[in-house]
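Thank you all for making time this morning.

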Amino acid sequence: MSGRPVVSIRDLVKVFSDGERELCVLPGISFDVIETSFVTIVGPSGSGKSTLLNIIAGLERQTRGSVDVRVAADVARLGYVFQSARLLPWLSVEDNLRFVRPADVEPKAFDGRLNRYLELVGLSKVRRKYPHQLSGGMQQRVGIARALSIEPVVLLMDEPFSHLDEITAEQMRQELLRIWRETRQTILFITHDMQEAVTLGDRLIMLDFGGNIVEDLGVELPRPRQFSDKAFVDFYADVVSRFHTMRKASESE
(Lines give C-alpha, C1' and ligand atoms only; values in the text may rest on other atoms or scores of the structure.)
Protein backbone atom coordinates (compact mmCIF):
# COMPACT_ATOMS: atom_id res chain seq x y z
CA MET A 1 0.00 0.00 0.00
CA SER A 2 1.47 3.33 -1.07
CA GLY A 3 1.14 6.62 0.77
CA ARG A 4 2.61 8.55 3.66
CA PRO A 5 3.13 6.63 6.93
CA VAL A 6 1.56 8.18 10.03
CA VAL A 7 2.88 5.39 12.29
CA SER A 8 6.11 3.48 11.68
CA ILE A 9 6.93 0.47 13.84
CA ARG A 10 10.36 -1.12 13.63
CA ASP A 11 11.60 -4.30 15.37
CA LEU A 12 9.14 -3.81 18.23
CA VAL A 13 9.74 -6.13 21.18
CA LYS A 14 7.75 -6.34 24.40
CA VAL A 15 8.76 -8.65 27.23
CA PHE A 16 6.84 -8.79 30.50
CA SER A 17 8.82 -9.86 33.56
CA ASP A 18 7.90 -10.51 37.18
CA GLY A 19 11.52 -10.76 38.28
CA GLU A 20 11.64 -14.54 37.94
CA ARG A 21 9.95 -15.31 34.63
CA GLU A 22 9.75 -13.51 31.32
CA LEU A 23 6.98 -13.56 28.73
CA CYS A 24 7.63 -12.19 25.25
CA VAL A 25 4.36 -11.03 23.68
CA LEU A 26 5.82 -9.09 20.75
CA PRO A 27 8.98 -10.66 19.29
CA GLY A 28 10.17 -7.88 16.98
CA ILE A 29 7.48 -6.80 14.52
CA SER A 30 7.65 -4.05 11.90
CA PHE A 31 4.97 -2.34 9.81
CA ASP A 32 3.70 1.09 8.75
CA VAL A 33 0.22 2.58 9.02
CA ILE A 34 -0.50 4.68 5.94
CA GLU A 35 -2.42 7.96 6.09
CA THR A 36 -6.24 7.61 5.65
CA SER A 37 -6.02 3.79 5.69
CA PHE A 38 -8.26 1.51 7.75
CA VAL A 39 -6.01 -1.22 9.14
CA THR A 40 -7.45 -4.14 11.09
CA ILE A 41 -5.21 -6.31 13.25
CA VAL A 42 -6.63 -9.73 14.08
CA GLY A 43 -5.27 -12.49 16.25
CA PRO A 44 -6.18 -14.90 19.06
CA SER A 45 -6.36 -13.87 22.69
CA GLY A 46 -2.85 -13.45 24.05
CA SER A 47 -1.28 -12.54 20.71
CA GLY A 48 -0.26 -9.08 21.92
CA LYS A 49 -2.88 -7.01 20.05
CA SER A 50 -3.87 -4.76 22.95
CA THR A 51 -0.27 -4.52 24.14
CA LEU A 52 0.71 -3.30 20.68
CA LEU A 53 -1.99 -0.61 20.74
CA ASN A 54 -1.00 0.47 24.25
CA ILE A 55 2.63 0.86 23.20
CA ILE A 56 1.63 2.97 20.20
CA ALA A 57 -0.54 5.10 22.50
CA GLY A 58 2.28 5.53 25.01
CA LEU A 59 0.40 3.70 27.76
CA GLU A 60 2.94 0.87 27.76
CA ARG A 61 6.68 1.04 27.22
CA GLN A 62 8.34 -1.27 24.70
CA THR A 63 11.34 -3.39 25.63
CA ARG A 64 13.15 -2.71 22.36
CA GLY A 65 12.43 -1.24 18.96
CA SER A 66 10.80 2.00 17.90
CA VAL A 67 7.36 3.52 17.36
CA ASP A 68 7.34 6.78 15.40
CA VAL A 69 4.12 8.78 15.06
CA ARG A 70 3.93 11.56 12.51
CA VAL A 71 3.65 14.95 14.13
CA ALA A 72 0.91 17.37 13.08
CA ALA A 73 1.13 20.98 14.30
CA ASP A 74 4.05 19.96 16.53
CA VAL A 75 1.85 17.45 18.36
CA ALA A 76 1.58 13.68 17.81
CA ARG A 77 -2.03 13.27 18.94
CA LEU A 78 -3.54 9.79 19.12
CA GLY A 79 -7.22 9.06 19.70
CA TYR A 80 -8.07 5.88 21.63
CA VAL A 81 -11.42 4.07 21.76
CA PHE A 82 -11.42 1.27 24.33
CA GLN A 83 -13.47 -1.91 24.65
CA SER A 84 -15.82 -0.01 26.96
CA ALA A 85 -16.59 3.67 26.43
CA ARG A 86 -14.91 4.76 29.71
CA LEU A 87 -17.06 7.87 29.97
CA LEU A 88 -16.97 9.94 33.14
CA PRO A 89 -20.40 9.23 34.69
CA TRP A 90 -20.70 12.59 36.47
CA LEU A 91 -20.26 14.54 33.21
CA SER A 92 -22.77 15.07 30.43
CA VAL A 93 -22.06 13.88 26.90
CA GLU A 94 -20.75 17.27 25.80
CA ASP A 95 -18.66 17.69 28.94
CA ASN A 96 -17.09 14.27 28.39
CA LEU A 97 -15.80 15.70 25.12
CA ARG A 98 -14.73 18.98 26.71
CA PHE A 99 -12.74 16.99 29.27
CA VAL A 100 -10.20 15.99 26.58
CA ARG A 101 -9.79 19.46 25.05
CA PRO A 102 -6.11 19.90 24.14
CA ALA A 103 -4.44 22.76 26.00
CA ASP A 104 -3.49 24.46 22.73
CA VAL A 105 -7.11 24.64 21.51
CA GLU A 106 -9.27 27.53 22.73
CA PRO A 107 -12.58 26.55 24.38
CA LYS A 108 -14.67 28.33 21.74
CA ALA A 109 -12.82 26.64 18.90
CA PHE A 110 -13.15 23.27 20.64
CA ASP A 111 -16.91 23.74 21.03
CA GLY A 112 -17.05 24.03 17.25
CA ARG A 113 -15.34 20.65 16.99
CA LEU A 114 -17.61 19.25 19.70
CA ASN A 115 -20.68 20.25 17.69
CA ARG A 116 -19.24 18.76 14.51
CA TYR A 117 -18.35 15.37 15.96
CA LEU A 118 -21.54 14.95 17.98
CA GLU A 119 -23.41 15.67 14.75
CA LEU A 120 -21.19 13.18 12.93
CA VAL A 121 -22.06 10.34 15.35
CA GLY A 122 -25.73 11.35 15.49
CA LEU A 123 -25.82 12.43 19.13
CA SER A 124 -26.44 16.18 18.98
CA LYS A 125 -29.86 15.76 20.58
CA VAL A 126 -28.53 13.92 23.65
CA ARG A 127 -25.54 16.18 24.33
CA ARG A 128 -26.81 17.16 27.80
CA LYS A 129 -27.66 13.62 28.89
CA TYR A 130 -25.42 11.57 31.17
CA PRO A 131 -23.82 8.21 30.32
CA HIS A 132 -26.28 6.16 32.41
CA GLN A 133 -29.11 7.59 30.28
CA LEU A 134 -27.60 6.15 27.07
CA SER A 135 -27.53 2.69 25.56
CA GLY A 136 -24.25 0.82 25.19
CA GLY A 137 -24.08 1.65 21.49
CA MET A 138 -24.70 5.34 22.15
CA GLN A 139 -22.00 5.38 24.82
CA GLN A 140 -19.52 3.96 22.31
CA ARG A 141 -20.54 6.66 19.83
CA VAL A 142 -19.68 9.24 22.49
CA GLY A 143 -16.33 7.50 22.92
CA ILE A 144 -15.67 7.74 19.19
CA ALA A 145 -16.71 11.41 19.08
CA ARG A 146 -14.46 12.14 22.07
CA ALA A 147 -11.48 10.46 20.41
CA LEU A 148 -12.11 12.29 17.12
CA SER A 149 -12.54 15.67 18.82
CA ILE A 150 -8.80 15.95 19.51
CA GLU A 151 -8.33 15.49 15.74
CA PRO A 152 -5.73 12.73 16.08
CA VAL A 153 -3.23 11.68 13.44
CA VAL A 154 -4.50 8.13 13.96
CA LEU A 155 -7.50 6.66 15.76
CA LEU A 156 -6.67 3.55 17.80
CA MET A 157 -9.59 1.20 18.48
CA ASP A 158 -9.29 -1.80 20.80
CA GLU A 159 -12.18 -4.20 20.14
CA PRO A 160 -14.66 -1.34 20.69
CA PHE A 161 -17.76 -3.35 19.78
CA SER A 162 -16.94 -6.63 21.56
CA HIS A 163 -19.18 -5.80 24.55
CA LEU A 164 -22.22 -5.00 22.40
CA ASP A 165 -24.90 -7.40 21.21
CA GLU A 166 -24.38 -8.46 17.60
CA ILE A 167 -27.21 -6.35 16.14
CA THR A 168 -25.87 -3.20 17.83
CA ALA A 169 -22.28 -4.15 16.94
CA GLU A 170 -23.18 -4.48 13.26
CA GLN A 171 -24.91 -1.10 13.34
CA MET A 172 -21.79 0.41 14.93
CA ARG A 173 -19.54 -1.13 12.26
CA GLN A 174 -21.60 0.49 9.55
CA GLU A 175 -21.57 3.81 11.45
CA LEU A 176 -17.80 3.61 11.82
CA LEU A 177 -17.39 3.00 8.09
CA ARG A 178 -19.61 6.01 7.37
CA ILE A 179 -17.51 8.17 9.70
CA TRP A 180 -14.31 6.89 8.08
CA ARG A 181 -15.62 7.71 4.59
CA GLU A 182 -16.61 11.21 5.69
CA THR A 183 -13.47 12.07 7.68
CA ARG A 184 -10.79 9.90 5.99
CA GLN A 185 -9.43 9.43 9.49
CA THR A 186 -6.56 6.95 9.73
CA ILE A 187 -7.76 4.00 11.83
CA LEU A 188 -5.90 1.11 13.47
CA PHE A 189 -8.55 -1.35 14.66
CA ILE A 190 -7.89 -4.38 16.90
CA THR A 191 -10.25 -7.37 16.83
CA HIS A 192 -10.34 -11.14 17.40
CA ASP A 193 -13.32 -11.42 15.00
CA MET A 194 -12.19 -12.31 11.48
CA GLN A 195 -15.51 -11.34 9.89
CA GLU A 196 -15.32 -7.92 11.55
CA ALA A 197 -11.73 -7.52 10.35
CA VAL A 198 -12.61 -8.31 6.74
CA THR A 199 -15.79 -6.20 6.82
CA LEU A 200 -14.01 -3.09 8.07
CA GLY A 201 -10.41 -3.04 6.91
CA ASP A 202 -8.76 -2.16 3.64
CA ARG A 203 -5.70 -3.93 5.06
CA LEU A 204 -5.59 -6.93 7.38
CA ILE A 205 -2.62 -7.82 9.59
CA MET A 206 -2.77 -11.24 11.24
CA LEU A 207 -0.84 -12.09 14.43
CA ASP A 208 -0.14 -15.59 15.73
CA PHE A 209 -0.02 -16.69 19.38
CA GLY A 210 3.58 -15.52 19.64
CA GLY A 211 2.81 -11.99 18.43
CA ASN A 212 4.41 -12.54 15.01
CA ILE A 213 2.93 -11.01 11.87
CA VAL A 214 2.03 -14.06 9.77
CA GLU A 215 -0.12 -12.29 7.15
CA ASP A 216 -0.34 -8.71 5.89
CA LEU A 217 -3.03 -8.54 3.21
CA GLY A 218 -4.76 -5.86 1.21
CA VAL A 219 -8.57 -6.25 1.33
CA GLU A 220 -9.59 -5.20 -2.16
CA LEU A 221 -13.30 -5.86 -1.88
CA PRO A 222 -16.04 -3.42 -2.91
CA ARG A 223 -18.05 -1.70 -0.19
CA PRO A 224 -20.52 -2.24 1.33
CA ARG A 225 -19.33 -5.75 2.11
CA GLN A 226 -21.97 -8.37 2.71
CA PHE A 227 -21.74 -12.05 3.53
CA SER A 228 -24.11 -12.72 0.64
CA ASP A 229 -21.47 -11.54 -1.87
CA LYS A 230 -19.37 -14.31 -3.40
CA ALA A 231 -16.20 -12.21 -3.45
CA PHE A 232 -16.57 -11.53 0.28
CA VAL A 233 -17.25 -15.19 1.08
CA ASP A 234 -14.27 -16.39 -0.99
CA PHE A 235 -11.88 -13.88 0.62
CA TYR A 236 -13.23 -14.58 4.10
CA ALA A 237 -12.91 -18.35 3.63
CA ASP A 238 -9.32 -17.92 2.47
CA VAL A 239 -8.22 -15.81 5.45
CA VAL A 240 -10.07 -18.06 7.93
CA SER A 241 -8.25 -21.05 6.43
CA ARG A 242 -4.94 -19.24 6.82
CA PHE A 243 -5.86 -18.30 10.38
CA HIS A 244 -6.67 -21.89 11.37
CA THR A 245 -3.49 -23.16 9.70
CA MET A 246 -1.53 -20.59 11.69
CA ARG A 247 -3.22 -21.60 14.96
CA LYS A 248 -2.51 -25.29 14.41
CA ALA A 249 1.12 -24.52 13.64
CA SER A 250 1.41 -22.38 16.80
CA GLU A 251 -0.25 -25.02 19.01
CA SER A 252 2.04 -27.77 17.72
CA GLU A 253 5.24 -25.85 18.59
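Before I count anything, a word on terms: two strands are called paired here if DSSP finds at least two bridges between them. Please also keep in mind throughout that what you see is a predicted model.

Let me begin with the sheet of 3 strands, which is open and antiparallel, and which has the order β2-β1-β4. The edges are taken by β2, residues 22–34, and β4, residues 64–69, and because each of these has a single partner strand, one side of each is left without a neighbour in the sheet. From one strand to the next, the twist averages 15°. Strand β1, which covers residues 5–17, runs antiparallel to β2 and is joined to β2 by 10 bridges; within that pairing, V15 has C24 of β2 as its bridge partner. Helix α1, residues 49–57, packs on this sheet, where it touches β1, β2 and β4, and its direction makes about 120° with that of β1.

Now to the sheet of 6 strands, which is also open, but whose pairing is mixed, in the order β5-β6-β7-β3-β8-β9. Here the edge strands are β5, at 78–81, and β9, at 213–218, each of which pairs on one side only. The twist in this sheet averages 15° from one strand to the next. Strands β6, residues 154–158, and β7, residues 187–191, run parallel and are joined by 4 bridges, and D158 finds its bridge partner in I190 of β7. Finally, helix α4, residues 136–149, packs on this sheet and touches β5 and β6, with its direction at about 170° to that of β5.

Note on methods
Residues numbered from 1 in each chain as written. Predicted model: local features only at pLDDT ≥ 70, side-chain atom pairs only at ≥ 80, totals over all residues. Heavy atoms only, no water. Helix = DSSP H or I, 4+ residues; strand = E, 2+ residues; numbered from the N terminus. Axes fitted to C-alpha atoms, helices over the stretch in contact; angles between N-to-C directions. Contact = heavy atoms within 4.5 Å.
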